[in-house]
Amino acid sequence: MGRRPSHNYGNSSLTGLFIEDDVVYAAGRTGLLNRAAVWTDHKSERVAGSGATVLGLWVDDGRPHLVGTSGFTDRGTIWVGDERNTFGEANANATNVTVDGDDVYAAGTIGNAVEFAGLWKNGVWAALDQSEAKVNDLFVSDGKVYIVGGYGLAERAGLWVDGELTPIDDVGVVVNHLFVEDGVVYFAGWSRSQSVAAYWVDGERVDLEENALITDLFVRDGTVFVSGSYGLRGQAAYWVNGERVDIDDPNAEVHLIFVTADPA
Amino acid sequence: MMSSAAGYRGLMRRAAHALAVACLLAACGTAGSADNVAESPEGFRVVLGGSSGPSNATLWDDGRPTTMATAP
């Protein structure tokens, strides 16, 4: 099959990517009015709600689960298929969503002047114990809830497993992405002191090349995929177990990665 | 008029230059032609989401780019 050239259909940007049963789902915003949209195998559909924004996407049994905000007051919102619900807490802001079995989990913050980070399980809020905590990513596997983010005034990096915090010992580290496979925890981010992008496999750190930036993380069959960019010009690329693969488009920016087993 | 030996040497030199240039172009074509560089590694289907140019949302599915249509 030949390459299909890119065409400018208008301004859009993506905040979520998922594949289920070989169907590619994407979420983001589109058009001059920045309307929230979901694309299913490239066919777009508007997300219900005035002023809606979508920040997280998960697909379960063909039903997209979205989190973001909607309404004139930007209320934290979750969409499951055609159903839309706003979170009851004041100033709720959900950024990540995942489904495990029959349970739907969303992570984010509530509060205004003082924010609390935590998660909703089936709509019920539970805050993390630490003050000034920040949730950067969420993963649920076999009923275990994993969160990475920061905590405390120094925004130290941490991993929460079922609400219990394990500090990430490397100094000046920011951890933004998380994946769990077969009980092995993978996370990715960068070191603030030297801006070295890195990912961790079961606590073991793997540095990428200098001037690299990681935008997303995925693990399939123990193989670690990270997307991002490198170099002073921000060349888009992804890495497979640390081996770089360049995107040929010089204008490309890659923010999301999803990997399945090759059906061929 | 050149001797036949000198002419032969000149001919060989030009042929060598042409061959070197051809090899160089071929090498450049391989390194710079990125048609295959973003293809998924064997056994995997890698799909990337991002943009190609300002606010031009794009998916790369096994290296093939598709720009996302604007929602109605």
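1. Strands themselves are DSSP runs of E with at least two residues, while helices are runs of H or I with at least four residues, and both are numbered from the N terminus. With that in hand, look at strand 18 (residues 184-191) and strand 19 (residues 196-201) of chain A, which run antiparallel and are joined by 6 bridges. Within this pair, Ala188(A) sits opposite Tyr199(A).

2. Some housekeeping before going on. This is a predicted model, where local features need pLDDT of at least 70 and side-chain atom pairs count only at pLDDT 80 or more, while totals for chains, interfaces and linings use all residues. Residues are numbered from 1 along each chain as its sequence is written, and chains are lettered from A and ligands numbered from 1 in the order in which they are written.

3. Now try two hairpins in chain A. Strand 9 (residues 93-100) and strand 10 (residues 103-110) pair antiparallel over 7 bridges, and Val99(A) has Val104(A) as its bridge partner. There are 2 residues between these strands, and Gly101(A) takes a positive phi near 65 degrees. Strand 11 (residues 116-121) and strand 12 (residues 124-127) are also antiparallel, over 4 bridges, with Trp120(A) partnered by Trp125(A). This hairpin has 2 residues between its strands as well, and Asn122(A) takes a positive phi near 50 degrees.

4. Is strand 9 enclosed or open? Of its 8 residues, 6 are buried, so strand 9 of chain A is largely enclosed by the rest of the structure. Buried means that 20 or more other C-beta atoms lie within 10 Å of the residue's own (12 or fewer is exposed, in between is partly exposed, and C-beta atoms are placed from the backbone).

5. Which residues have the most contacts inside the largest nonpolar core? They are Leu66(A), Tyr105(A) and Ala106(A), in a core of 86 residues. Strand 25 (residues 252-261) of chain A gives the most to this core, with 6 residues. A nonpolar core is a set of buried Ala, Val, Leu, Ile, Met, Phe, Trp, Tyr and Cys residues joined through C-beta atoms within 7 Å. Leu66(A) touches several residues, among them Ala27(A), Ile78(A) and Trp79(A), not counting residues up to four places away in sequence; contact means C-beta atoms, placed from the backbone, within 7 Å.

6. Finally, chain B. It has 1 helix and 3 strands, in the pattern α-β-β-β along the sequence, and 25% of its 72 residues count as buried. The contact between the chains takes 33 residues from chain B and 49 from chain A. On the chain B side, strand 1 gives the most, with 9 residues. That side divides into 16 nonpolar, 13 polar and 4 charged residues (Ala, Val, Leu, Ile, Met, Phe, Trp, Tyr, Cys and Pro count as nonpolar, Asp, Glu, Lys and Arg as charged, and the others, Gly among them, as polar). Strand 25 of chain A turns up again here: it pairs with strand 1 of chain B in the antiparallel sense over 9 bridges, and Thr260(A) has Arg45(B) as its bridge partner.

Key. Contact = placed C-beta atoms within 7 Å. Pairing = 2+ DSSP bridges.
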